[in-house]
Amino acid sequence: NNHDILQQKLGVLSQLVMQVLMKQDGFWVAHLEKLAGEYKDKLRNQAEAERLIAQGYRAINTQDVEGLRTAVRQLYGLLPDSIAKDLPGYGSTVL
């Protein structure tokens with residue numbers, strides 16, 4: 001019956017879910033595709049965004065998961081906070 005404890009436990013559970021998801025290669029592929037498609041025109045530095053999107057797709061083609069993660073993380077950094085805050089994983093200590 002303690003709302004504060006419930007909120008705290010839900011926060012811990014959310015972090016655990018994100019940790020599990022982020023270990024899946026498909027999570028990163030899906031985020032690259034979403035950033036490259038739906039959010040591409042909203043990224044702050046279009047030249048850098050193009051470079052990172054290309055880097056991400058090269059990483060997929062060469063099965064370089066760490067390179068893909070790096071590209072996606074950097075793309076997140078190009079999103080305006082007003083958009084990024086609503087995406088899964090944004091602000092997570094895991095991401």
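Colleague: What makes the reach of helix 1 close to the expected one?

Modeller: Helix 1 has 20 residues and reaches 29 Å from its first C-alpha to its last, close to the 28 Å expected at 1.5 Å a residue, because the expected span is 1.5 Å times one less than the number of residues. Helices here are DSSP runs of H or I with at least four residues, numbered from the N terminus. This is a predicted model, in which local features need pLDDT of at least 70 and side-chain atom pairs count only at pLDDT 80 or more, while totals for chains, interfaces and linings use all residues. Residues are numbered from 1 along each chain as its sequence is written, and side-chain values use heavy atoms, with hydrogens and water left out.

Colleague: Why is valine 20 called partly exposed?

Modeller: Buried means under 20% relative accessible area, exposed means over 50%, and partly exposed lies in between, with a 1.4 Å probe and protein chains only. Valine 20, which lies in helix 1, has a relative accessible area of 48%, so the residue is partly exposed.

Colleague: And why is glutamine 63 called exposed?

Modeller: Glutamine 63, found in the loop between helix 3 (46-61) and helix 4 (65-78), has a relative accessible area of 72%, and therefore counts as exposed.

Colleague: How do you know that glutamate 50 and lysine 40 form a salt bridge?

Modeller: A salt bridge is a side-chain nitrogen of Lys or Arg within 4 Å of a carboxyl oxygen of Asp or Glu. The closest N and O atoms of glutamate 50 and lysine 40 are 2.6 Å apart, so by that definition the pair is a salt bridge. The pair links distant parts of the chain, with glutamate 50 in helix 3 and lysine 40 in the loop between helix 2 (25-37) and helix 3, 10 residues apart.

Colleague: Why does lysine 40 count as partly exposed?

Modeller: Lysine 40 has 28% relative accessibility, and so counts as partly exposed; glutamate 50 is also partly exposed, because its relative accessible area is 38%.

Colleague: What makes the pair of phenylalanine 27 and tryptophan 28 edge-to-face?

Modeller: By the rule used here, the count comes to 1 aromatic pair. Phenylalanine 27 and tryptophan 28 form this pair, at 5.2 Å centre to centre with 80° between the planes. Rings of Phe, Tyr and Trp (its six-membered ring) pair if their centres lie within 6.5 Å, and planes under 30 degrees apart count as stacked, over 60 as edge-to-face and the rest as tilted, so the angle decides the name. Both phenylalanine 27 and tryptophan 28 are buried.

Methods: Helix = DSSP H or I, 4+ residues; strand = E, 2+ residues; numbered from the N terminus.
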